[in-house]
Amino acid sequence: MRTTLDHLKASDRLRDAYAQAIRRFSGRPGVLGIGIGLPMSNGKIDDNRKVIRVFVEEKLPAEAVDDRHLIPTRIDGIRVDVQALCMQGDTHDTASFDDTTMAAQAELRPGISIGNAAGPPGTLGLIATSDGKPCLVSADHVLAPLTSSSQDVYQPAPADGGAGPEHLVGRVWRVNRALGVATASVSTMRSLVRSPMGTTVVVKKFRLPKIGETVTKVGRSTDKTHGVVRDFVSIQGCARGFVIWPAGGTRTNVEISKGGDSGAVWYSEDDSAGIAIQERGEPDGVPNQEWAVAAGLVYAADALNFRPW
């Protein structure tokens, strides 16, 4: 399978610097993940070069960091950027851009509320096919949270009122914790619709994104939003993913995701390709750090054996 570094056309020097960063910084206290992405220049994304990105819980001034733990500004001549990511847990919003995404639907389609019997609500990201059968695709903590022993999946999620037997739509099928993605079998007579709520887009293929590419998702909590793929990243719970920022380069008060959007699929409006599965974002109380982390759909499909339906 073609790797992300091949897709990014990473030079040998960039590959070596990335490998060094993984070895040197992964596992350090406060380090969340290592990636390759685009730097900011004069307040705009500079898409003419790529840098190593080290994602941390909190970015401190150099003078406040012990020399032994100081992250260098360059590795073998490749620039290293340190970027703070304020992580959000499994929270959810009670208000939505369009409350229909939280309601029981006569049809199962991407963009609507879904969840395990004993977990947080999330978003049905994709209706795919596996072993010749339809399956539901979402984030692992939506379909199969670690805190739940139940295999039952409901639409809407129980937190959105879907607690009755008429709301049962499937059973957990396959889970990959490293990528943060899961599938569920379908056990309902509801019609299956491939296009996300409010759109006519049908995802007919999966592919890796270009760094700097604009992508779109439809989620339970924020409905339809757009973002730019800024980085490839290996981060806990999302081993092969991408960091997505609001379009335009600013991270302030441009909401691209909220709790409850986990599981939504980011796709390209240009060719209707599925790109990534929403995993997490910034806490709602941090308006100047808008971002999302999403697992590469190509990798998830290979790991969990599903294909476009």
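The points below describe a predicted model of one chain, going from its overall make-up to particular residues and contacts.

1. Overall make-up. The chain contains four helices and 23 strands, and of its 309 residues, 55% count as buried. When contacts between residues at least 6 apart in sequence are considered, 65% of them join residues at least 24 apart, and several of the pairs described below illustrate such links.

2. The nonpolar core. The largest nonpolar core holds 78 residues, and within this core Ile52 and Phe306 touch the most other members. Helix 4 supplies the largest share of this core, namely six residues. As background, nonpolar side chains in soluble globular proteins tend to be buried together.

3. Phenylalanine 306 and its surroundings. Apart from neighbours within four places in sequence, phenylalanine 306 is in contact with Leu126, Ala128, Thr129, Ser130, Cys135, Val137, Thr183, Phe206, Leu297, Ala300 and Ala301. One of these partners, cysteine 135, counts as buried because its relative accessibility is 0%, under the 20% limit.

4. Alanine 300, another partner of phenylalanine 306. Alanine 300 has its place in helix 4, which spans residues 297-304, and with a relative accessible area of 0% it is buried. If residues up to four places away in sequence are not counted, alanine 300 touches Leu179, Val181, Ile277, Asn305 and Phe306. Alanine 300 and valine 175 are 125 residues apart in sequence, and their C-alpha atoms are 9.7 Å apart in space.

5. Aromatic pairs. Three aromatic pairs are found in the whole structure. In one of them, the rings of tyrosine 18 and phenylalanine 232 have centres 6.2 Å apart and planes at 55°, so this pair is classed as tilted. Tyrosine 18 belongs to helix 2 (residues 12-25) and phenylalanine 232 to strand 18, so that the pair links distant parts of the chain, 214 residues apart. Tyrosine 18 counts as buried at 10% relative accessibility, and phenylalanine 232 counts as buried at 6%.

6. A second ring pair. The rings of phenylalanine 206 and phenylalanine 306 have their centres 5.9 Å apart and their planes at 70°, so the pair is edge-to-face. Phenylalanine 206 lies in strand 16 (residues 205-206), while phenylalanine 306 lies in the loop between helix 4 and strand 23 (307-308), so the pair ties together parts 100 residues apart in sequence. Both phenylalanine 206 and phenylalanine 306 are buried. Elsewhere, ring pairs join Tyr18, Phe232 and Phe242 into a cluster.

7. Charges over rings. Arginine 194 lies over the face of tryptophan 309, at 5.9 Å from the ring centre. Lysine 217 is placed over the face of tryptophan 266, at 5.7 Å from the ring centre.

8. Aspartate 231, a buried residue with a polar contact. Aspartate 231 is found in strand 18, which covers residues 223-235, and it is buried, with a relative accessible area of 0%. Its side chain makes a polar contact of 2.6 Å with the side chain of arginine 53. Leaving aside neighbours within four places in sequence, the residues in contact with aspartate 231 include Ile36, Gly37, Leu38, Arg53 and Phe55, as well as Ile211, Gly241, Phe242 and Val243.

9. Backbone points to check by eye. The peptide bond from glutamine 155 to proline 156 is cis, with omega near -5°, and proline 156 lies in the loop between strand 12 (152-154) and strand 13 (168-176). Aspartate 76 has phi near 50°, a positive value in a residue other than glycine, and is found in the loop between strand 5 (74-75) and strand 6 (78-84). Aspartate 223 likewise has a positive phi, of about 60°, although it is not a glycine; aspartate 223 has its place in strand 18 and is buried, with a relative accessible area of 14%.

Terms used
Residues are numbered from 1 along each chain as its sequence is written. This is a predicted model: local features need pLDDT of at least 70, side-chain atom pairs count only at pLDDT 80 or more; totals for chains, interfaces and linings use all residues. Side-chain values use heavy atoms; hydrogens and water are left out. Helices (H or I, at least four residues) and strands (E, at least two) are DSSP runs, numbered from the N terminus. Buried means under 20% relative accessible area, exposed over 50%, partly exposed in between (1.4 Å probe, protein chains only). A polar contact is a pair of N or O atoms within 3.5 Å; within protein, one must be able to donate a hydrogen and the other to accept it, and residues adjacent in sequence count only if both atoms are side-chain atoms. Contact means heavy atoms within 4.5 Å. Rings of Phe, Tyr and Trp (its six-membered ring) pair if their centres lie within 6.5 Å; planes under 30 degrees apart count as stacked, over 60 as edge-to-face and the rest as tilted. A charge sits over a ring if NZ of Lys or CZ of Arg is within 6 Å of the ring centre and within 35 degrees of the ring normal. A nonpolar core is a set of buried Ala, Val, Leu, Ile, Met, Phe, Trp, Tyr and Cys residues joined through side-chain atoms within 4.5 Å.
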